[in-house]
Amino acid sequence: YPPVRPKLEIDPILGIKPELITLIQNMWSEHPNDRPSIETVREVMQKRISTSKSSNLMDYVSFLIALR
């Protein structure tokens with residue numbers, strides 16, 4: 001059985017960008033070949049952090065995790 005994943009939705013109150021939600025969903029793919037490369041993850045995360053107008057702690061934590 002596939003693992004249970006939380007449902008991610010775009011929520012304007014939380015301010016999570018759609019590309020970040022898409023990235024997370026792609027990372028959860030059952031097929032490893034369908035998952036983004038670490039380079040793609042870093043690129044998306046760096047772009048997200050560099051264009052962020054706020055200093056959201058969870059965005060920063062997500063960025064650090066992506067760099068691991």
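Modeller: A residue counts as buried under 20% relative accessible area, as exposed over 50%, and as partly exposed in between. Please note as well that this is a predicted model.

Biologist: Take Ile24, then. Where does Ile24 lie, and is it buried, exposed or partly exposed?

Modeller: Ile24 lies in helix α1. Its relative accessible area is 28%, and because buried means under 20% and exposed over 50%, Ile24 is classed as partly exposed.

Biologist: Which residues of α1 are buried?

Modeller: They are Leu20, Ile21 and Leu23. Viewed down the axis of α1, these buried residues fall within an arc of 160°, so they line one face of the helix.

Biologist: Why would residues three or four places apart point the same way in an α-helix?

Modeller: An α-helix has 3.6 residues a turn, so such residues point the same way.

Biologist: Let us move to Ser29. Where does Ser29 lie, and is it buried or exposed?

Modeller: Ser29 lies in the loop between α1 and α2, the latter being residues 38-51. With a relative accessible area of 16%, Ser29 is buried, because that value falls under the 20% limit.

Biologist: What does the side chain of Ser29 reach?

Modeller: It reaches the backbone nitrogen of His31, at 3.2 Å. Setting aside neighbours within four places in sequence, Ser29 is in contact with Asp34 and Arg35.

Biologist: And Ile38: in which helix does it lie, and how far is it from Met27?

Modeller: Ile38 lies in helix α2, and its relative accessible area of 38% makes it partly exposed. From C-alpha to C-alpha, Ile38 and Met27 are 9.8 Å apart, at a sequence separation of 11 residues.

Biologist: Now the chain as a whole. How many helices and strands does it have?

Modeller: There are three helices and zero strands. Of the 68 residues in the chain, 15% are buried. The chain exposes about 5700 Å², and carbon and sulfur atoms supply 58% of that area.

How values were computed:
Residues are numbered from 1 along each chain as its sequence is written. This is a predicted model: local features need pLDDT of at least 70, side-chain atom pairs count only at pLDDT 80 or more; totals for chains, interfaces and linings use all residues. Side-chain values use heavy atoms; hydrogens and water are left out. Helices (H or I, at least four residues) and strands (E, at least two) are DSSP runs, numbered from the N terminus. Buried means under 20% relative accessible area, exposed over 50%, partly exposed in between (1.4 Å probe, protein chains only). Accessible areas come from the Shrake-Rupley method with a 1.4 Å probe; for residues, only the protein chains shown count as cover. A polar contact is a pair of N or O atoms within 3.5 Å; within protein, one must be able to donate a hydrogen and the other to accept it, and residues adjacent in sequence count only if both atoms are side-chain atoms. Contact means heavy atoms within 4.5 Å. The arc is that of the directions from the helix axis to the C-beta atoms.
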